[in-house]
There are 4 protein chains.
Amino acid sequence: MPDGINVALIGGERIGRVHAQNLAHRIPSAKLSLVVDTDFDAAQRLAGLFDVGRVSNDYREALADPSIEAVLICSSTDTHAAISRQAAHAGKHIFCELPISQSLAELDETLRVVDNAGVKFQVGFNRRFDANFKRVHEAIRSGEIGEPSLLHIVSRDPAPPSIDYIRTSGGLFLDVSIHDFDMARYLIGAEVEEIFTMAGVRVDPRIGQAGDVDTALMMVRFTNGVIGSIDNSRRAVYGLDQRVEVLGSAGSIATLNNYANQAIVSDNTGVRRDVPLNFFMDRYTDSFIAEVSAFVDAILRDAPVPVSGEDGRISVVMALAAAQSHREHRPVRLDEVLVERKGLQERAGSAF
Amino acid sequence: MPDGINVALIGGERIGRVHAQNLAHRIPSAKLSLVVDTDFDAAQRLAGLFDVGRVSNDYREALADPSIEAVLICSSTDTHAAISRQAAHAGKHIFCELPISQSLAELDETLRVVDNAGVKFQVGFNRRFDANFKRVHEAIRSGEIGEPSLLHIVSRDPAPPSIDYIRTSGGLFLDVSIHDFDMARYLIGAEVEEIFTMAGVRVDPRIGQAGDVDTALMMVRFTNGVIGSIDNSRRAVYGLDQRVEVLGSAGSIATLNNYANQAIVSDNTGVRRDVPLNFFMDRYTDSFIAEVSAFVDAILRDAPVPVSGEDGRISVVMALAAAQSHREHRPVRLDEVLVERKGLQERAGSAF
Amino acid sequence: MPDGINVALIGGERIGRVHAQNLAHRIPSAKLSLVVDTDFDAAQRLAGLFDVGRVSNDYREALADPSIEAVLICSSTDTHAAISRQAAHAGKHIFCELPISQSLAELDETLRVVDNAGVKFQVGFNRRFDANFKRVHEAIRSGEIGEPSLLHIVSRDPAPPSIDYIRTSGGLFLDVSIHDFDMARYLIGAEVEEIFTMAGVRVDPRIGQAGDVDTALMMVRFTNGVIGSIDNSRRAVYGLDQRVEVLGSAGSIATLNNYANQAIVSDNTGVRRDVPLNFFMDRYTDSFIAEVSAFVDAILRDAPVPVSGEDGRISVVMALAAAQSHREHRPVRLDEVLVERKGLQERAGSAF
Amino acid sequence: MPDGINVALIGGERIGRVHAQNLAHRIPSAKLSLVVDTDFDAAQRLAGLFDVGRVSNDYREALADPSIEAVLICSSTDTHAAISRQAAHAGKHIFCELPISQSLAELDETLRVVDNAGVKFQVGFNRRFDANFKRVHEAIRSGEIGEPSLLHIVSRDPAPPSIDYIRTSGGLFLDVSIHDFDMARYLIGAEVEEIFTMAGVRVDPRIGQAGDVDTALMMVRFTNGVIGSIDNSRRAVYGLDQRVEVLGSAGSIATLNNYANQAIVSDNTGVRRDVPLNFFMDRYTDSFIAEVSAFVDAILRDAPVPVSGEDGRISVVMALAAAQSHREHRPVRLDEVLVERKGLQERAGSAF
């Protein structure tokens with residue numbers, strides 16, 4: 001079997017490292033040929049772990065190399081859009097982590113460039129590839145629960161990130177909720193037209209001092225009349241808590257969390273099991289493999305990618321609408337964000 | 001042991017029948033002495049079932065009888081307030097089903113009369129006495145889950161009532177949500193200050209034609225900063241679905257539904273159990289006994305009732321705010337309802 | 001409505017008290033007219049609680065009273081058979097708690113007397129009337145899980161009774177396992193032909209000193225080829241643990257325990273719920289009502305009782321076989337017990 | 001990082017293929033250098049899938065190659081012992097699938113040879129490395145459930161293998177139960193001294209015609225007084241069903257099955273989830289990686305292997321005792337098998 005297409009990884013921290021490991025061992029149709037990180041030593045260490053021959057501290061080396069067919073952009077958020085545009089100009093297929101940009105104008109410009117270049121562009125909504133959420137998606141598509149009417153999404157992190165991270169994260173809505181906005185669209189198969197947000201600082205006052213919130217409840221209305229809630233918290237002490245529930249005319253479907261083991265202990269204090277998997281890399285292992293496999297397949301078969309730049313864009317619009325609803329204390333329609341785009345963007349990077 | 005205090009039941013349908021049975025067999029400290037129903041034959045049949053000696057088709061007979069110490073008002077909703085006031089004048093202790101009145105002015109007048117009369121006045125929020133919700137209440141009070149931050153309430157009926165019933169029900173918010181509004185306050189131990197509603201007709205278009213909604217999602221903000229959602233539907237085909245979930249700083253607590261049996265069948269199509277209990281009288285059997293027992297105890301010990309007229313009033317205010325939010329498509333503060341009381345009441349009975 | 005048939009309760013402790021309460025409040029077709037207990041004061045207290053007019057310290061008063069149609073025999077185990085025979089002679093219908101007798105000879109004589117008298121005779125296998133086990137029974141009868149092949153019964157008490165009780169209990173097999181032997185027959189719908197026992201003292205050495213075991217695992221083979229295990233322990237610290245599981249050709253069915261509430265707490269130590277219901281009177285409340293209701297119905301309709309004296313007899317034979325298997329360390333066929341009856345009985349009360 | 005030790009795989013079907021994939025991608029400390037299969041084309045196909053450079057149809061090529069440090073013996077059962085002995089003579093470390101031999105004499109001879117050669121010898125009891133069973137093991141070791149007293153193991157395959165496979169499998173006890181015998185010892189941390197078996201043909205009469213049983217219930221008694229049951233079936237239509245439960249003085253621990261997703265569907269027929277994982281390779285993926293990783297680690301660190309040849313031997317002794325108990329219809333002590341070894345072996349391959 002051939003080694004598959006040559007891929008360069010740009011950004012080797014956290015999720016970049018996950019993709020590196022998967023490319024090395026779990027995705028036979030692709031080969032990780034180059035690891036790029038602004039920290040050259042870090043790039044070398046990562047390359048050493050996974051038998052990657054080449055490293056660089058400059059992503060332009062990846063773009064200039066004609067043997068590289070695709071790049072995985074896992075660098076810091078503020079570089080996603082610019083690298084994507086340059087990669088598109090260089091004719092590379094692109095897998096881009098979230099968000100594409102915190103600025104809608106830059107995001108739109110990026111999508112235009114990518115589109116003109118005719119390269120594949122997939123964004124990293126890995127949860128679409130998770131067995132639990134896929135099962136819900138199938139139940140809705142197949143009619144197993146009839147016509148959906150109510151949706152609930154719970155998405156809580158085990159613990160807040162550092163305040164430094166919070167400051168550059170774009171805020172809860174762009175950093176956390178964005179995955180749930182995509183999940184909402186993916187599951188219901190319709191667009192959200194309006195969002196209402198109630199949010200606050202319940203976990204750590206320093207998050208509030210950094211201009212962000214750590215706890216939010218959002219209500220969304222879809223074009224097809226479905227109504228939903230999205231619950232986000234930076235802290236669920238019992239572990240990563242990511243569940244959905246959909247009520248339809250013929251039934252409901254709900255997902256539970258995943259656990260490291262299925263053992264139940266009963267003693268005189270109660271009946272208990274260990275906490276859910278509390279690290280997203282353990283929880284979503286298979287989905288990270290599946291999303292990049294799907295990206296590579298789309299390249300090999302010249303087929304559409306399963307998660308498009310437009311998907312990445314709409315989730316950002318939803319995040320901006322959610323933030324605006326919170327600021328203005330009223331329901332905000334997505335088309336307001338589009339119309340008032342310029343003003344919003346100026347605020348978007350700072351208000352949360 | 002003495003037979004306990006003499007009680008008259010006013011209204012012998014549905015919930016009235018439940019109370020009659022419980023008074024006859026399960027609440028030794030009270031004796032059902034008189035059954036009143038506008039349908040004299042129905043009153044006689046009910047009395048026959050439970051060995052009650054006297055029946056009447058006029059509630060004033062109960063009020064005029066000095067041996068009767070307390071009345072349970074289970075008659076049609078539009079009579080609750082007037083009978084309560086007359087019972088108070090007659091010095092009877094009062095257990096009143098929900099809502100006290102759909103009109104806030106009449107409700108306030110009723111509470112004033114009752115208060116002046118110095119009689120006990122308890123409203124029928126039976127779910128406070130259910131083992132599941134009590135357990136959640138205790139977890140929050142005891143600090144078991146730390147400081148609460150997010151609340152979810154799901155409350156779905158198995159099937160919608162008749163359209164005739166819908167027409168006189170006061171609408172989804174006064175007929176169904178009112179129980180969840182009280183549950184929200186009971187669990188969090190704080191008042192709601194603001195409500196935002198998204199609602200629609202998803203179950204039966206005739207409900208919409210009758211001026212009501214059948215599906216609603218409400219978001220509430222409490223004075224202590226907790227944020228919550230309330231999910232109501234007139235139809236969950238799998239049965240009565242009433243659950244709550246609270247996230248706190250030290251953990252979460254969530255309730256599952258109750259089932260008639262704990263058997264699990266595994267076959268080649270999946271692993272399944274029978275549907276939840278789908279009739280509220282089966283699901284809440286014990287809570288109906290407990291609430292009336294508590295009422296009788298409060299009389300016997302001359303102690304405060306566990307659910308006050310003010311509790312009944314606030315839930316109506318919340319229902320009016322939820323309805324107003326739906327009409328005006330914006331978050332509505334509860335103090336707006338209080339201020340604009342008069343105008344609201346004129347609309348309240350008709351808009352939903 | 002008439003008060004139903006007149007019933008006398010003989011023996012007012014523990015289970016007798018449960019039946020008294022149920023007859024007073026939950027079984028409209030019967031009236032508890034007389035409470036008999038050798039402790040006259042205890043009889044009076046019980047009668048006072050449930051408005052029973054008459055008490056006695058001599059069961060013969062119940063047998064002599066022509067207005068009494070049925071007796072519930074809840075007195076000490078060693079009196080069950082003699083009172084049953086006298087009641088039969090007096091023409092009373094009989095509901096008898098377990099076991100009918102620890103002596104198979106006396107048991108057979110008793111069944112003969114009862115049979116000749118033509119009165120109803122029901123034994124107290126209440127678990128047949130429990131919703132969980134009825135559901136399993138139905139699954140097997142209806143073919144929902146196909147042809148059964150393997151059965152497991154777990155039946156563990158929360159804590160051992162007093163050593164004094166142990167001494168007169170007849171031993172674990174006659175005191176505890178007897179219910180599971182009946183459950184096995186009830187569920188599989190066939191007779192057990194052979195039993196093999198491994199047992200020991202794991203809970204309290206004083207139980208061993210009293211000549212009994214506190215932990216046992218039994219294997220049974222049914223005439224239809226089904227094989228099963230029965231797990232008994234005098235102590236499950238987490239509460240009453242009574243479950244069954246049946247594997248069939250088309251699937252399996254298993255029951256979980258019952259809980260006082262359905263709340264789940266998640267914190268940084270795990271995900272837990274409160275312990276199962278740990279008192280048999282709470283756990284089996286409904287089944288005690290149902291079994292006596294069924295007995296009364298059988299009298300009123302002159303229909304066969306749902307649990308016969310023969311059912312009570314076979315469970316005793318199985319207990320004797322289980323004890324013999326434990327003593328002789330080999331599988332024992334039930335027909336060996338029947339053949340060697342006399343010798344066995346002499347040992348039965350003391351050997352284990 | 002170095003490529004790790006060179007390993008040869010002997011036998012490329014089913015489990016061999018699993019090990020090949022894991023060595024290729026998941027176990028960085030080992031390198032699969034040679035694939036041996038008597039079917040040369042099959043060896044080539046497997047090698048091609050996982051980038052293995054060399055193939056052979058003769059395991060002696062692996063033994064003769066000084067660069068090969070270890071062999072994984074996954075060939076047909078009847079070759080395990082002979083290849084193990086030759087590999088030991090050649091100084092190769094050995095990972096051997098189960099059973100080492102169906103003949104206790106040959107097994108003992110093999111262990112003697114391996115022992116004299118001083119090579120590592122690990123047997124493939126992968127379930128010891130599964131998260132569920134490890135969790136139970138830890139609960140017992142740590143005292144979390146106190147002193148154990150009762151054990152239950154359920155181990156059911158989704159469907160029987162071909163009759164051809166059955167014929168050479170050594171029978172249910174050596175083919176299936178052997179894993180559960182090891183699990184029993186692993187969990188309880190003591191040896192079994194006696195086994196009693198009830199077994200039959202419930203799944204397919206052709207299995208009986210082939211001289212085997214397809215359904216068995218075994219009872220075991222450990223030297224420390226713990227009593228346990230082992231439930232085996234060749235068919236659980238709902239999928240692979242492998243659970244354990246242990247009752248201890250301070251509580252119990254039980255494992256549930258693993259599922260491909262955590263979604264729950266509720267509709268008017270019930271509340272259900274999809275069937276458990278029903279293919280052992282999916283169910284035990286991680287345990288297969290962990291056991292071979294542990295083997296490689298033991299070589300690299302020159303430490304004892306976690307599952308020894310003696311472990312493999314005792315499980316065979318238990319299988320022989322279980323079979324003898326079935327034949328002779330009585331409890332059989334393990335030391336009977338040891339004493340009567342010779343006669344038993346002659347029967348072992350054919351009698352059941």
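In the predicted model, Ile10(B) has Ile73(B) as its bridge partner in strand S4(B). Strands of a sheet pair through backbone hydrogen bonds, in either a parallel or an antiparallel sense. Both strands are part of an open sheet of six strands in chain B, in which the order is S3-S2-S1-S4-S5-S6 and the pairing is parallel. The edges of this sheet are formed by strand S3 (54–56) and strand S6 (121–123) of chain B, each of which pairs on one side only. On average, and with direction ignored, neighbouring strands of the sheet are turned by 25 degrees against each other.

Two helices of chain B lie across this sheet. Helix H4 (residues 80–89) of chain B lies across S1, S4, strand S5 (93–96) and S6 of chain B, and runs at about 165 degrees to S5(B). Helix H11 (residues 285–300) of chain B lies across S1, strand S2 (30–36), S4, S5 and S6 of chain B, and its direction is likewise at about 165 degrees to S5(B).

Strand S10 (residues 227–233) of chain B pairs with two other strands. With strand S7 (residues 148–156) of chain B, the pairing of S10(B) is parallel and extends over seven bridges, whereas with strand S9 (residues 215–222) of chain B it is antiparallel, also over seven bridges. Ile227(B) takes part in both pairings, being the bridge partner of Leu150(B) and also that of Arg221(B). S9(B) and S10(B) form a hairpin with four residues between them, and in its turn Gly225(B) has a positive phi of about 90 degrees. The residues of S10(B) point in two directions: Ile227(B), Ser229(B), Asp231(B) and Ser233(B) face one way, while Gly228(B), Ile230(B) and Asn232(B) face the other way, and all are buried. Because seven of the seven residues of S10(B) are buried, the strand is largely enclosed by the rest of the structure.

Aromatic side chains were examined next. A search of the whole structure finds 14 aromatic pairs over all chains. A pair of aromatic rings is described by the distance of the centres and the angle of the planes. For Phe280(C) and Phe288(C), the ring centres are 6.0 Å apart and the planes lie at 80 degrees, so the pair is edge-to-face. With a relative accessible area of 22%, Phe280(C) is partly exposed, whereas Phe288(C), at 3% relative accessibility, counts as buried. In chain A, ring pairs link Phe279(A), Phe280(A) and Phe288(A) into a cluster.

Chain A is superposed on chain B by a rotation of 180 degrees with 0.0 Å of shift along its axis, and the RMSD is 0.1 Å. This is the relation of a two-fold axis. The same surface serves both copies, as 100% of the contact residues of chain A recur in chain B. Of the residues of chain A, Arg330(A) comes closest to the rotation axis, with its C-alpha at 3.0 Å.

Methods
Residues numbered from 1 in each chain as written. Chains lettered and ligands numbered in written order. Predicted model: local features only at pLDDT ≥ 70, side-chain atom pairs only at ≥ 80, totals over all residues. Heavy atoms only, no water. Buried < 20%, exposed > 50% of the residue type's maximum accessible area, 1.4 Å probe, protein only. Pairing = 2+ DSSP bridges. Least-squares fit on C-alpha atoms with pLDDT ≥ 70 in both. Contact = heavy atoms within 4.5 Å. Axes fitted to C-alpha atoms, helices over the stretch in contact; angles between N-to-C directions. Phe/Tyr/Trp six-rings, centres within 6.5 Å; stacked < 30°, edge-to-face > 60°.
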